[in-house]
Amino acid sequence: MSAATETAFGAALRDPGRGAPAHLAPSSGRRPERRFSVYRNNVAVSLMGALATRFPAARRIVGEAFFDELARAYVAQHPPRSPLMMMYGDDFPEFVAQAPGLDEVSYLADITRLEAARTRAYHAADADPLPASAFAALDGALDEVRLALHPSVEVVRSGHPLVTIWAMNSGEAELGPIADWSPQDALVCRPELDVFVRRLPDGGAAFLVALAGGATLADAAGRAAQEARSFDLTENLIGLIGGGLVVAIRPSQQGDAP
Amino acid sequence: MPARTVNAALAGSLLAALSIVSASAAEDKMAGKEKCYGVAMKGQNDCAAGPGTTCAGTSKVDYQGNAWKAVAKGTCTTMKTPKGMGSLEPIKM
């Protein structure tokens, strides 16, 4: 197909108002318009299905009918850029964040960010977490140490009780009114086989983001303490090491190399 | 803080953390396990076949415009939020 034909075909695929693309030749006597609309419908329904599969908690929160309308609007504007359907909807959270009329469920965009991160974590590269013994062997200039985090690690920050809402809508916790509407940051990771979602302690998000950005342990702890006065380094190291989030230690000599 | 103080603080925290982590002895969890399609996170188990293989769309014409007719009837009405009960009104896009 020429580029122009492809563009016309793609446009007709997304917009029912356009009818079938020109020069569509039927292989049998049937009307191509009708058969094309079946194909168009299948494309839309399957992409909506891909979103429903990837964002089950968001779907549960607003209900199937509402979610499907949201998905339909997204699908019409965002054709897939890859045949890998598990990654379809990577920018669905941005779409949800800008969608009108969601004021009462303003946390919905963050839920979709968390769910998108879970899928990415699930398909992220495998890596062996460092055992605690690797840290016990560390001595000397601890403050200059840099850490390589597991490829699956993502931090999702939120101004809402994100982890509680997600847990209630993914079968991890019982559904009910949320008395404490304080912000929660989430950690998503898959150190081994299972994807975990954890609520980060105060300053934990800043700590992890700094470490992931290549900051030294001391700098990362400093930035976390600056953001949250209650930042507890021991608690965060327990999460970091016990949670299997570190895959390599870069000592000061190597870490300072460009 | 001077570098030596930072280092000492880090070393103290690390020691405390390690004593707790190794007490939980989380290390050989993976012994005898392999990654396979049988082991997956909740809600991802059906991804091997992949969404998009369905033919459900052939039975009805689903793709119609952008009018949002739906009202949210999900769990948002159960979780009380500072902004209300999440009983969304129909909206248009």
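Helices are taken here as DSSP runs of H or I comprising at least four residues, numbered from the N terminus. In the predicted model, A:Phe92 lies in helix 5 of chain A, which covers residues 92–98. The relative accessible area of A:Phe92 is 0%; because burial requires a value under 20%, this residue is classed as buried. Residues up to four places away in sequence being set aside, A:Phe92 is in contact with A:Leu51, A:Phe55, A:Phe67, A:Leu70, A:Ala71, A:Tyr74 and A:Thr112. The C-alpha atoms of A:Phe92 and A:His78 are separated by 8.9 Å, the two residues being 14 positions apart in sequence.

One of the contacts of A:Phe92, A:Thr112, falls within helix 6 of chain A, which comprises residues 108–123. The sheet on which this helix packs is described next. Three strands of chain A form an open sheet in the order 2-3-4, with antiparallel pairing. Its edges are provided by strand 2 (154–156) and strand 4 (196–199) of chain A, each of which pairs on one side only. On average, and with direction ignored, neighbouring strands of the sheet are turned by 25° against each other. Helix 6 of chain A packs on this sheet and touches strand 2, strand 3 and strand 4, its direction making about 170° with that of strand 2 of chain A.

Within the sheet, strand 3 of chain A (residues 186–189) and strand 4 of chain A are joined by four bridges in the antiparallel sense. In this pairing, A:Leu187 has A:Arg198 of strand 4 of chain A as its bridge partner. The loop between strand 3 and strand 4 of chain A contains A:Arg190. This arginine is buried, with a relative accessible area of 0%, and its side chain makes a polar contact of 3.0 Å with the side chain of A:Asp126.

A further buried element is helix 9 of chain A (residues 204–212), which is largely enclosed by the rest of the structure because seven of its nine residues are buried. The buried positions are A:Gly204, A:Ala205, A:Ala206, A:Phe207, A:Leu208, A:Ala210 and A:Leu211. Their cover includes strand 1 (146–149), strand 2 and strand 3 of chain A, together with helix 10 (217–227) and helix 11 (233–242) of chain A. After helix 9 of chain A comes A:Gly214, with a positive phi near 95°.

Technical notes. Residues numbered from 1 in each chain as written. Chains lettered and ligands numbered in written order. Predicted model: local features only at pLDDT ≥ 70, side-chain atom pairs only at ≥ 80, totals over all residues. Heavy atoms only, no water. Helix = DSSP H or I, 4+ residues; strand = E, 2+ residues; numbered from the N terminus. Buried < 20%, exposed > 50% of the residue type's maximum accessible area, 1.4 Å probe, protein only. Contact = heavy atoms within 4.5 Å. Pairing = 2+ DSSP bridges. Axes fitted to C-alpha atoms, helices over the stretch in contact; angles between N-to-C directions. Polar contact = N/O pair within 3.5 Å; in protein donor to acceptor, adjacent residues only side chain to side chain.
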